[in-house]
Every structure is written in C-alpha cells, then in structure tokens.
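User: I have just opened this one and would like someone to walk me through it. Could you take my questions as they come?

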Amino acid sequence: MDWLRDHLWETWLVAGAALAALELISLDLVLLMLAGGAVVGFLTAILGGPFPLQLVLALIASVGLLAVVRPSVVHRLHGGPTLRTGTEALVGRRATVLATVEHDNPGRIKLGGEEWSALPYDEDDQLEPGTAVDVVAIKGATAYVLRIHPLEA
C-alpha cells in the first residue's frame with residue numbers, strides 16, 4: 001500500500017490507460033469517460049495535490065464527462081441520414097406518364113426505369129402521356145402522382 005501512496009501519479013496513469021484500452025472492447029464510451037477522470041487524477045497528483053483531492057476531482061471529471069460529453073458524442077456517432085428502402089425510397093421521385101392517368105382509370109407511369117400503375121393524387125386531375133409528375137405516395141402497387149407545374153417566367 002505504501003508503493004501506491006508513493007506512486008499515485010503512476011497509478012492514475014496506469015488506471016487511465018487500462019480504462020482506455022478496455023474501451024476498445026466495450027465501445028460504449030463509458031470507460032473512456034472514466035479514463036478522462038483518471039487523467040484528471042493523474043494531473044492533480046503531478047501537481048502535488050493530496051489523494052482525497054485527486055479522488056474527488058477524478059470523480060467530478062468522470063461524472064461530468066459521462067453527463068455532458070458522452071451523450072453528445074454518442075448522438076453524433078449514431079445520428080445520420082435515414083435510409084429509405086423499397087417503395088418508401090420512390091416517394092418524391094419524378095416520373096413520366098405513359099398511359100392516361102384518371103381518377104376512375106389507373107394509368108401507367110415510368111418510375112425509376114420501371115412501369116407502375118398510377119392514380120392522380122388530385123382526384124379531379126387527368127394526366128396525359130408525356131406529362132411529368134412527382135410521386136406523392138405508393139399504396140400497394142399503385143403510385144399516387146401529382147402534376148408538375150412548370151415555373152412561368
């Protein structure tokens with residue numbers, strides 16, 4: 001026990017390195033935050049602070065890192081664009097009418113290189129072949145489309 005008391009800074013340094021190394025196994029960022037607290041204990045020991053002060057500052061730093069830094073880092077690591085697949089990925093894409101699309105009579109559109117049955121999203125609209133449309137929704141195998149109105153200059 002005398003050796004630990006005489007070599008506190010080395011103990012803090014080894015503890016910090018061990019926690020950082022164990023973080024590579026857990027990948028949860030908890031042990032890394034505790035390693036940060038151990039580094040604060042190490043710095044306090046190097047500056048000649050008594051052991052109780054080292055321990056208190058290391059605990060405060062660890063809790064602070066766990067409460068403040070870790071949540072934002074985890075959010076940045078896990079946050080990213082939402083991956084849309086299947087028919088969900090086709091919503092919002094542009095298509096071309098191949099066969100007249102009416103409310104009572106589903107027509108055909110070319111969407112992403114494939115032909116789809118389509119109904120107008122606006123029930124009163126009739127879309128003629130060659131009309132550019134946007135896919136608003138897909139229900140089953142039917143795309144609901146909306147006419148694209150060109151901008152007037």
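Analyst: What follows is a conversation about the overall build of this structure and then about some of its residues.

User: Before we start, what kind of model is this, and how are the residues numbered?
Analyst: This is a predicted model, in which local features need pLDDT of at least 70 and side-chain atom pairs count only at pLDDT 80 or more, while totals for chains, interfaces and linings use all residues. Residues are numbered from 1 along each chain as its sequence is written, and side-chain values use heavy atoms, with hydrogens and water left out.

User: OK, how many helices and strands does the protein have?
Analyst: The protein has 4 helices and 5 strands, where helices (H or I, at least four residues) and strands (E, at least two) are DSSP runs numbered from the N terminus. Read from the N terminus on, the elements run α-α-α-α-β-β-β-β-β.

User: How much of it counts as buried?
Analyst: Of the 153 residues, 26% count as buried, a word that stands for under 20% relative accessible area, with exposed meaning over 50% and partly exposed in between (1.4 Å probe, protein chains only). The accessible surface of the protein comes to about 10200 Å², and 63% of that belongs to carbon and sulfur atoms; such areas come from the Shrake-Rupley method with a 1.4 Å probe, and for residues only the protein chains shown count as cover.

User: Which residues form the nonpolar patch on the surface?
Analyst: The patch is formed by Trp-9, Leu-13, Ile-46 and Leu-47, which together have about 430 Å² of accessible area. Patches are made of residues with over 30% relative accessible area and no salt bridge, with nonpolar side chains (Val, Leu, Ile, Met, Phe, Trp, Tyr) joined within 5 Å and like charges within 9 Å. Trp-9 is found in helix 2, which covers residues 8–26, and this residue counts as partly exposed because its relative accessibility is 35%.

User: Switching topic, what does Gln-54 touch?
Analyst: Leaving out residues up to four places away in sequence, Gln-54 touches Leu-8, Trp-12, Gly-41, Thr-44, Ala-45 and Gly-49, a contact being heavy atoms within 4.5 Å. Gln-54 is found in helix 4 (residues 51–78) and is buried, because its relative accessible area is 2%.

User: What links the side chains of Gln-54 and Trp-12?
Analyst: Their side chains make a polar contact at 2.7 Å, which is a pair of N or O atoms within 3.5 Å; within protein, one must be able to donate a hydrogen and the other to accept it, and residues adjacent in sequence count only if both atoms are side-chain atoms. Gln-54 and Trp-12 are 42 residues apart in sequence, and their C-alpha atoms are 9.3 Å apart in space.

User: How many salt bridges does a search of the whole structure find?
Analyst: The search finds 4 salt bridges, each being a side-chain nitrogen of Lys or Arg within 4 Å of a carboxyl oxygen of Asp or Glu. One of them joins the side chains of Arg-70 and Asp-28 at 3.0 Å, N to O. That pair links distant parts of the chain, with Arg-70 in helix 4 and Asp-28 in the loop between helix 2 and helix 3 (30–46), 42 residues apart.

User: What about Asp-125 and Arg-147?
Analyst: Their side chains also meet in a salt bridge, at 2.7 Å from N to O. Asp-125 lies in the loop between strand 3 (114–120) and strand 4 (132–139) and Arg-147 in strand 5 (residues 142–147), so the pair ties together parts that are 22 residues apart in sequence. Asp-125 counts as buried, at 17% relative accessibility, whereas Arg-147 is partly exposed, with a relative accessible area of 26%.

User: Last one: is Leu-29 buried or exposed?
Analyst: Leu-29 is buried, because its relative accessible area is 13%. Leu-29 lies in the loop between helix 2 and helix 3, and its phi is near 70°, a positive value in a residue other than glycine.
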